[in-house]
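Good morning, everyone, and thank you for making the time.

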Amino acid sequence: MTLHLLHRHVLEDHLAGFETSPNPNHVSVVRRPVILSVLAHGDLEAFAGRLAAFSTMSARFCGPGEWLVVGSAAGADELTDRLGEVAGLSVCDQSDGKVVMAISGPSVRKILAKCVAVDLHQDVFAEGEGANMLCCHVACHLARTGADAFEIIVPRSFAGSVFEELMEMGREYALTASFAQS
Amino acid sequence: MASLITCPHCGTRPKEEFSIRGAAAPRRPSAGDRDEVWYAYVYVRDNPKGLTQEYWHHAAGCRRFLVVERDTLTHEVFGVTDAAALTRKEAAE
């Protein structure tokens, strides 16, 4: 039998065979995410507005003139094409190089408090905001997608280490993990 | 050591996210300047007790170079600015 490494998720060995019914605190790993790195040249605020206007994806702020675009509905090619049409934007597909972990639940902030050294209170880090930061000593991107929901984007080769540490920190809150259903 | 730096792009962050890249005060001499001037620019550094300006690279955040003005004695941070914005402002003046 041939092993198709192309479609094998890097967290397969950490997750497959350990499935349980999700607890309130849960990590959901997206199997095939669409992640594009977008760099802008010129009037940065105008680009931020244009990126926000796209409905099929969310643009996560990384730094001045730099965003991570996370999509799900549209395919990577379609999204790249549509973003490529915007003059002054450079788009680079990062889908195979990054892993998306969505963590949610009532204790999510207490779990993340042990992983990141950034204040995640609603007043400082509101819904829809995102930033690059160190999560479990790995440079990653954390975005707030809901009141008690966050998304962590880590480089693929660090995903195993970050995932294991996240689960360790979540053990006292009965954190469970699985691949996203879609 | 100042342990919390308020990055103008990312907000308040721990110092572990940054890499200190040296004094920000020396100004690069022009290419035709004497060797002594270049020697002083490249090698000669003060070790100030008190107010100092340094380049801090926000390696784990926005990856921008920042100019941090801080006190080496009291660890107080007086200001953090984007290095590019500061250069642009100085050029405009």
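Predicted model: local features only at pLDDT ≥ 70, side-chain atom pairs only at ≥ 80, totals over all residues.

Let me begin with a question: is Asp77(A) buried or exposed? Asp77(A) is exposed, with a relative accessible area of 61%, where exposed means over 50%, buried under 20% and partly exposed in between, using a 1.4 Å probe and protein chains only.

Residues are numbered from 1 along each chain as its sequence is written, chains are lettered from A and ligands numbered from 1 in the order in which they are written, and side-chain values use heavy atoms, with hydrogens and water left out.

Asp77(A) sits in helix α3 of chain A, helices being DSSP runs of H or I with at least four residues and strands runs of E with at least two, numbered from the N terminus. That helix, residues 76–84, gives the largest share, three residues, of a negative patch.

In chain A, one of them joins Asp13(A) and Arg8(A), at 2.6 Å from N to O; Asp13(A) is exposed at 57% relative accessibility, whereas Arg8(A) is partly exposed at 27%.

In chain B, Glu90(B) and Arg27(B) form a salt bridge at 3.4 Å, N to O. This pair links distant parts of the chain, with Glu90(B) in helix α2 (residues 83–92) and Arg27(B) in the loop between β3 (19–23) and α1 (35–42), 63 residues apart. Both are partly exposed, Glu90(B) at 39% relative accessibility and Arg27(B) at 47%.

Another salt bridge in chain B joins Glu54(B) and Arg70(B), whose closest N and O atoms are 2.7 Å apart. Here Glu54(B) belongs to strand β4 (residues 51–57) and Arg70(B) to strand β5 (residues 65–71), 16 residues apart, and Glu54(B) and Arg70(B) are both buried.

As for the chain that holds these two pairs, chain B has two helices and six strands, which follow the pattern β-β-β-α-β-β-β-α along the sequence. Of the 93 residues in chain B, 28% are buried.

Notes:
Salt bridge = Lys/Arg side-chain N within 4 Å of Asp/Glu carboxyl O.
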